[in-house]
Amino acid sequence: MVKIVFREHDGTEHVVDAKEGASVMLAAVTNGVPGIDADCGGACSCATCHVYVKEEWLARLDEITPMEEAMLSLSSDRKDNSRLSCQIEVNESLDGLEVQTPEFQY
Amino acid sequence: MSDADTPQSGTRLKSASDPSKWSMVGKDPYQMPLEKIDLSHPGIWQANEYLPFLERLRHEDPVHYCAESAVGPYWSVLKYKDIMQVDTSPQLYSSEPTIGIVDQFSEFTLPMFIAMDPPKHDVQRRVVQPVVAPANLKILEKLIRERVCRILDGLPVGEEFDWVDSVSIELTTQMLATLFDFPFEDRHKLTYWSDVATAIPGAGVVESYEERWQAMQECLQTFTRLWNERVNQAPGNDLLSMLAQGEETRNMPPMEFLGNVLLLIVGGNDTTRNSISGGVLALNENPQEYAKLRNDRSVIPNMVSEIIRWQTPLAYMRRTALVDTELGGKQIKAGDKVVMWYISGNRDEEVIEHANEFIIDREKARQHLSFGFGIHRCMGNRLAEMQLRILWEEIMERFHLVEVVGEPQRVYSSFVKGFTRLPVKLHPH
């Protein structure tokens, strides 16, 4: 199991044990972490699992695919550290990963 | 969206051929050759007979080719996963030149990003997106609630009236006026322009292209005047002020401005209107769900998503194949018309459990296809949900039952899935 920290917009913290091979989105949804909607179920096609990744972890993530980029680019709340959590696969090197959820998913 | 409504025009179809030749009304979908099934004709949609046609195709021919129809040959995509694949592959399936089933024949086309591919689509959408972002909607919630309350408090109690006219249309019109801070007494112009923008001359709204052009000019002039007023005013919370004062939007060319304004008007008009009516009907047809709602109003946000799935206010979106490709084992050729029937994917039992049941507290209610998925996903989805949520919160404050007391009448369209009449009677608590 890999530890992932979700921080809500208001600062509330949720620490969950995530399964390797699954997505960060799934770790949130299966553990009842609020602030992740994931309407499309992980198909990279709704952008409602948007998270801000704490800077020091960014380099350890896989590169953003053109499809993820297309979906992210349509969000008005996009920042440099924006990712779609359905596109981040949990692995050992991400133990302790910290992400923040935006105020709204849309 | 200018062209998308064309199939609802009876005139277009009637002038093209004898409508009875194409109508499927009264036919048993299981007693006809598969290849003859044609979903494009508005008949079965108005007659509310479409479901068994969708069901047979979903089970027997989920990527279905119809070689002959009033709108020419086209593919129908029936299953959730195939629809998802088309919707998320804009490099294979283009939104240009139109997202309606009828090929465009008007010379008057406004730039609207719903019928554009990347990169132009992305640039234009990004400009307008902030105006319907949740952070901005929160500011408008109080005003929208006040207007919802006023409409509901003015309704006759205990006597029959038309919910479509008195609530669904009135409410969406008022909400549009609220969102744009449009002169309230002129608000019906918004609905008129929305209808004109999607109208085919001769179908009842306008008689000629010239008349349509004139109406669009009036719309442009009105909005330009309002723009000029607002551009130098104190920052406003309405959509128009946001566009006029926004860094990235203040220098938009006039036609692009008009196109974007109309997309906001049209996109939020029929869709919300028909989901308002559809929710009342669905709860009447499923009294156990109405009882659930009375017992626990916290289910409303979830119910709103279920209503939008159940109604699917836009039955489809059309794409055009850019290259030869394969879908569900069928060979699609470049240039082929491909129609994603969201209404069918929303009933796909392989993805949605008990898909043919209306369940207001169902799990994963937001996974429905009604907003589409991918880069063209409905931009106003949170606005639509907010409007429906406020409406149902205020309905439940006042009424034990909004009772449907007569046959609903449906729109003659395979695209806009909606109601022209829904007779109801109100029963207060």
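This is a predicted model: local features need pLDDT of at least 70, side-chain atom pairs count only at pLDDT 80 or more; totals for chains, interfaces and linings use all residues.
**Entry 1: the mixed sheet**

I began with the sheet that contains strand 8 of chain B. Five strands form this open sheet in the order 1-2-8-5-3, and their pairing is mixed. I noted strand 1 (63-66) and strand 3 (93-94) of chain B as the edge strands, since each pairs on one side only. I then looked up helix 5 (residues 80-87) of chain B, which packs on the sheet and touches strand 1, strand 2, strand 3, strand 5 and strand 8 of chain B. The direction of helix 5 makes about 130 degrees with that of strand 8 of chain B.

How many residues of strand 8 of chain B are buried? I found 5 of 5 buried in this strand, which spans residues 337-341 and is mostly covered. Lys337(B), Val339(B) and Trp341(B) point one way from the strand, whereas Val338(B) and Met340(B) point the other way.

I next followed the pairing. Strand 2 (residues 74-77) of chain B runs parallel to strand 8 of chain B, and 3 bridges join them. Here I recorded Met340(B) as the bridge partner of Val77(B). Strand 5 (residues 316-321) of chain B pairs with strand 8 of chain B in the antiparallel sense, over 5 bridges. In this pairing Lys337(B) stands opposite Thr320(B). Strand 3 and strand 5 of chain B run antiparallel and are joined by 2 bridges.

**Entry 2: helix 17**

I turned to helix 17 (residues 381-398) of chain B, which has 18 residues. Its span from first C-alpha to last is 26 Å, close to the 26 Å expected at 1.5 Å a residue. I listed its buried residues, among them Asn381(B), Leu383(B), Met386(B), Ile390(B), Trp392(B) and Ile395(B). What covers the buried residues includes helix 7 (134-153), helix 8 (163-180), helix 13 (270-285), helix 15 (300-311) and strand 9 (399-404) of chain B.

**Entry 3: helix 13 against helix 17**

At what angle do helix 13 and helix 17 of chain B pack? I read about 30 degrees, with the axes 10 Å apart. The two helices therefore count as roughly parallel to each other, the cut-off being under 35 degrees. Their crossing is right-handed. On the side of helix 13 of chain B, the contact is made by Thr271(B), Thr272(B), Ser275(B) and Ile276(B). Helix 17 of chain B contributes Ala384(B), Gln387(B), Leu388(B) and Leu391(B), and I noted that these four are buried.

**Entry 4: the antiparallel sheet**

I then examined an open sheet of 3 strands in the order 4-12-9 of chain B, with antiparallel pairing. Its edge strands are strand 4 (161-162) and strand 9 of chain B. Strand 4 pairs with strand 12 (residues 423-428) of chain B over 2 bridges, and Phe161(B) has Val424(B) as its bridge partner. Helix 13 of chain B lies across strand 9 and strand 12 of chain B, running at about 95 degrees to strand 9.

**Entry 5: Asp103(B)**

Finally I looked up Asp103(B), located in the loop between strand 3 and helix 6 (120-128) of chain B. Why does Asp103(B) count as partly exposed? I found 14 C-beta neighbours inside 10 Å, whereas a buried residue needs 20 or more and an exposed one has 12 or fewer. Asp103(B) and Arg410(B) are 307 residues apart in sequence and 24 Å apart in space, C-alpha to C-alpha.

How values were computed. Residues are numbered from 1 along each chain as its sequence is written. Chains are lettered from A and ligands numbered from 1 in the order in which they are written. Two strands pair if DSSP finds at least two bridges between them. Two residues are in contact if their C-beta atoms, placed from the backbone, lie within 7 Å. Axes are lines fitted to C-alpha atoms, for helices over the stretch in contact, and angles run from 0 to 180 degrees between N-to-C directions. The expected span of a helix is 1.5 Å times one less than its number of residues. Angles under 35 degrees count as roughly parallel, over 145 as roughly antiparallel, 65 to 115 as roughly perpendicular and the rest as oblique. A crossing is left-handed if the near helix is turned anticlockwise from the far one by less than a right angle, and right-handed if clockwise.
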